[in-house]
Amino acid sequence: MAAIDCGTNSIRLLVADLPDPGAGPEAPLRDLSRRMEIVRLGQGVDRTGRLSDEAIERTRVALVDYADEIGKLGAERVRMCATSASRDAANAGEFRAMVERILGVAPEVVTGDEEARLSFTGAVRGLPADAEPPYLVVDIGGGSTEFVVGTREGGVDAAISMDIGCVRMTERHLHGDPPTPAEIAAAQADIAVAVDRALEAVPGRAAATLVGLAGSVTTVVAIAQGLTGYDPTRIHHARVSRERIAEVTADLLAKTREQRLAIPVMHPGRADVIGAGALVLQVIMERAGMPSVVASEHDILDGIAWSLAGGR
């Protein structure tokens, strides 16, 4: 199966086989290829309401490469989910037509609720034993953040999507290099209002474990661990305290873009938005009263793949 997640900031590919039938209900997919490109599809969408020609072209180039990989690995089923930027754009039809020409399937512009459920499915399978349910899973994307509460056995109890992604918050508030205290305070206040609304809509404060997904979370966790290179095996299921997340966030927001680029685990395409992503995570932990976060490298991509497998 081939799963593609096209978000506001990045586009990612997972080509995977199902686990062996006798491997057990918690067996993960068997990865054949897992890739990510920063294409910033949602650049300027919050301001203009449209996908820019340059952003569509960057995404097209990445998709051509992905289509080649899918063909070489012989994926039998393909599903592409397009998230916040595609929901918001006035010219989404142009984008959809381009995708269908390259992949042979139309992108599914999933609702925030469906996006949240796919993320939850991908994240909770295989969580370590010390991650007690119920779970609050947060997927911090470029344009939006999904909040999902549930258990492995019972599935999703409640889900909501809020427009507080790292790209959106950077474009809306964090203009300085580094951002000013006033800009940070404005972003923090904006995020807090959305987080409080989300935690009232889903019983997030009653959850026992916070699970964080996507590049903002995994990058912050890698920095918190002091990694000298991005190592998914060290990041996946690592647990980091709220105090350490706050320290990393403050440090990122105090740095210039050039200084953030020098951090060993920093992807160049994430350097200008990581401060906002870290701030979203910090505010969620504070408002939900969570003492720590468990990072997961498995997220909506894995959920999309499992949906092609019939959720087996």
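In what order do the 5 strands of the open sheet that includes E1 lie? In this predicted model, local features were considered only at pLDDT of at least 70 and side-chain atom pairs only at pLDDT 80 or more, whereas totals for chains, interfaces and linings use all residues. Residues are numbered from 1 along each chain as its sequence is written, and side-chain values rest on heavy atoms, with hydrogens and water left out.

The order of these strands is E3-E2-E1-E4-E5, and their pairing is mixed. Strands (E, at least two residues) and helices (H or I, at least four residues) are DSSP runs numbered from the N terminus, and two strands are said to pair if DSSP finds at least two bridges between them. Strand E4 (residues 78-82) runs parallel to E5 and is joined to it by 2 bridges; Ala-82 has Val-109 of E5 as its bridge partner.

Helix H13 (residues 300-308) lies across strand E1 (2-6), strand E2 (10-17), E3 and E4, and runs at about 140° to E1. Axes here are lines fitted to C-alpha atoms, for helices over the stretch in contact, and angles run from 0 to 180 degrees between N-to-C directions. Of the 9 residues of H13, 8 are buried, so this helix is largely enclosed by the rest of the structure; buried denotes under 20% relative accessible area, exposed over 50% and partly exposed the range in between, with a 1.4 Å probe and protein chains only. The buried residues of H13 are Ile-300, Leu-301, Asp-302, Gly-303, Ile-304, Ala-305, Trp-306 and Leu-308, and what covers them includes E1, E2, E3, E4, helix H5 (112-124) and E6.

Helix H2 (residues 53-73) and helix H4 (residues 92-103) pack at an angle of about 20°, with their axes 9 Å apart. H2 and H4 are therefore roughly parallel to each other, given that angles under 35 degrees count as roughly parallel, over 145 as roughly antiparallel, 65 to 115 as roughly perpendicular and the rest as oblique. In contacts between these helices (heavy atoms within 4.5 Å), Asp-53, Ile-56, Thr-59, Arg-60, Leu-63, Val-64, Ala-67 and Ile-70 of H2 meet Glu-94, Phe-95, Met-98, Val-99, Ile-102 and Leu-103 of H4. By class, the contact of H2 with H4 has 10 nonpolar, 1 polar and 3 charged residues, where Ala, Val, Leu, Ile, Met, Phe, Trp, Tyr, Cys and Pro count as nonpolar, Asp, Glu, Lys and Arg as charged, and the others, Gly among them, as polar.

A further open sheet is formed by 6 strands in the order E8-E7-E6-E9-E11-E10, again with mixed pairing. Strand E8 (155-162) and strand E10 (239-241) stand at its edges with a single partner strand each, so one side of each is left without a neighbour in the sheet. Neighbouring strands of this sheet are turned by 25° against each other on average, direction ignored. Strand E7 (residues 145-151) pairs with E8 in the antiparallel sense over 7 bridges, and Val-149 has Ala-158 of E8 as its bridge partner.

Helix H7 lies across strand E6 (135-140), E7 and E8, running at about 155° to E8, whereas helix H8 (residues 215-224) lies across E6, strand E9 (209-213), E10 and strand E11 (292-296), running at about 115° to E11. H7 (residues 181-201) also packs against helix H12 (residues 274-288) at an angle of about 50°, with the axes 9 Å apart; H7 and H12 are therefore oblique to each other. The residues of the contact of H7 with H12 divide into 11 nonpolar, 2 polar and 3 charged. The axes of H8 and H12 come within 9 Å and cross at roughly 90°, and these two helices are therefore roughly perpendicular to each other. Their contact is made by Ser-216, Val-217, Thr-219 and Val-220 of H8 and by Ile-274, Gly-277, Ala-278 and Leu-281 of H12, a set that divides into 5 nonpolar, 3 polar and no charged residues.

His-173 is placed in the loop between helix H6 (166-172) and H7. This histidine is buried, with a relative accessible area of 14%, and, not counting residues up to four places away in sequence, His-173 touches Glu-183, Ala-186, Ala-187 and Asp-190.
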